[in-house]
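Student: I have the sequence and the model open. Take me through the labels, and say what each one rests on.

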Amino acid sequence: MANLDHLYGANIVTLIICYQQVSAQLNRVLEPMGLNMTQMSLLTHFSRTPEETRTISQLVSMMQMNQPMITKAVKAMELEGLMAREADQKDARVSHLKITQGGLDRLSQAQQACMPVLKKAYGGLSEGELGQLLGLMSRVKDQILA
């Protein structure tokens with residue numbers, strides 16, 4: 001049991017270090033594009049179903065981010081024309097957010113700009129190892145979301 005606890009701890013420490021390092025590098029790449037990782041995460045989320053709208057409350061719940069962070073990111077993206085806001089027909093306090101074509105285009109550009117960082121981070125892995133890592137991390141993600 002102590003060995004398993006050690007492995008849990010070692011895995012989370014390694015995951016945190018990887019996240020911090022890659023996140024910092026990606027933020028540096030995204031900055032000239034007027035984006036940060038939070039905004040890229042939101043754009044990525046919306047790009048999966050670009051025709052659907054979401055409220056701030058839905059985003060907070062789905063993405064496990066705090067409301068002020070999401071609100072700030074959305075406002076900045078609205079100013080850039082990356083997101084559009086529609087008023088709710090029944091409740092004036094509620095707005096529905098949607099990605100714009102400009103948001104989809106910027107996301108595509110950002111993903112391309114981030115590729116050298118990702119290639120460096122994963123460059124030491126073979127295609128099979130990369131697939132195996134994705135499978136293992138997907139299982140961890142599914143356990144967290146269960």
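Student: What makes the largest nonpolar core a core, and which residues have the most contacts inside it?
Tutor: A nonpolar core is a set of buried Ala, Val, Leu, Ile, Met, Phe, Trp, Tyr and Cys residues joined through side-chain atoms within 4.5 Å. The largest one has 24 residues. Leu30, Leu42, Leu43, Leu59 and Leu97 have the most contacts inside it. At least two residues of this core come from each of α1, α2, α3, α4, β2 and α5.

Student: What kind of model is this, and what limits apply?
Tutor: It is a predicted model: local features need pLDDT of at least 70, side-chain atom pairs count only at pLDDT 80 or more, and totals for chains, interfaces and linings use all residues. Residues are numbered from 1 along each chain as its sequence is written, and side-chain values use heavy atoms, with hydrogens and water left out.

Student: How many helices and strands does the protein chain have, and in what order do they run?
Tutor: There are 6 helices and 2 strands. Helices (H or I, at least four residues) and strands (E, at least two) are DSSP runs, numbered from the N terminus. The order is α-α-α-α-β-β-α-α.

Student: Why is phenylalanine 46 called buried?
Tutor: Buried means under 20% relative accessible area, exposed over 50%, partly exposed in between (1.4 Å probe, protein chains only). Phenylalanine 46 has 2% relative accessibility, so it counts as buried. The residue sits in helix α2. Leaving out residues up to four places away in sequence, phenylalanine 46 touches Glu52, Arg54, Leu59, Met83, Leu97, Lys98 and Ile99. A contact is a pair of heavy atoms within 4.5 Å.

Student: What class does threonine 55 fall in, and on what value?
Tutor: Its relative accessibility is 12%, so threonine 55 counts as buried. Threonine 55 belongs to the loop between α2 and α3. Setting aside neighbours within four places in sequence, threonine 55 contacts Val94, Ser95 and His96.

Student: And proline 50: buried, partly exposed or exposed?
Tutor: The relative accessible area of proline 50 is 26%, so it is partly exposed. Proline 50 is also in the loop between α2 and α3. Beyond four places in sequence, its contacts are Lys98, Ile99 and Leu104. Proline 50 and glycine 103 are 53 residues apart in sequence and 9.8 Å apart in space, C-alpha to C-alpha.

Student: What share of the protein chain counts as buried?
Tutor: Of its 146 residues, 23% do.

Student: How do you know where the buried residues of α3 point?
Tutor: Helix α3 covers residues 56-63, and its buried residues are Ile56, Leu59 and Met63. Seen down the axis of α3, they fall within an arc of 60°, so they line one face of the helix. That arc is taken over the directions from the helix axis to the C-beta atoms. An α-helix has 3.6 residues a turn, so residues three or four places apart point the same way. The buried residues of α3 pack against α2 (37-47), α4 (67-79) and β2 (95-99).

Student: What makes the phi of glutamine 64 worth a look?
Tutor: Phi is near 55°, a positive value in a residue other than glycine. Most residues other than glycine have a negative phi.

Student: How much space lies in the largest pocket, and which residues are closest to its centre?
Tutor: About 2,500 Å³. Of the 42 lining residues, Leu15, Tyr19, Tyr122, Met137 and Lys141 are closest to the centre. On a 1 Å grid over the protein atoms alone, a pocket is an open set of points where a 1.4 Å probe fits, with protein on both sides within 12 Å along at least five of seven lines; lining residues have an atom within 4 Å of a point. The volume is the space filled by probe spheres set on the points, with points joined across faces, edges and corners.

Student: Which helix gives the most to that lining?
Tutor: α1 does, with 14 residues.
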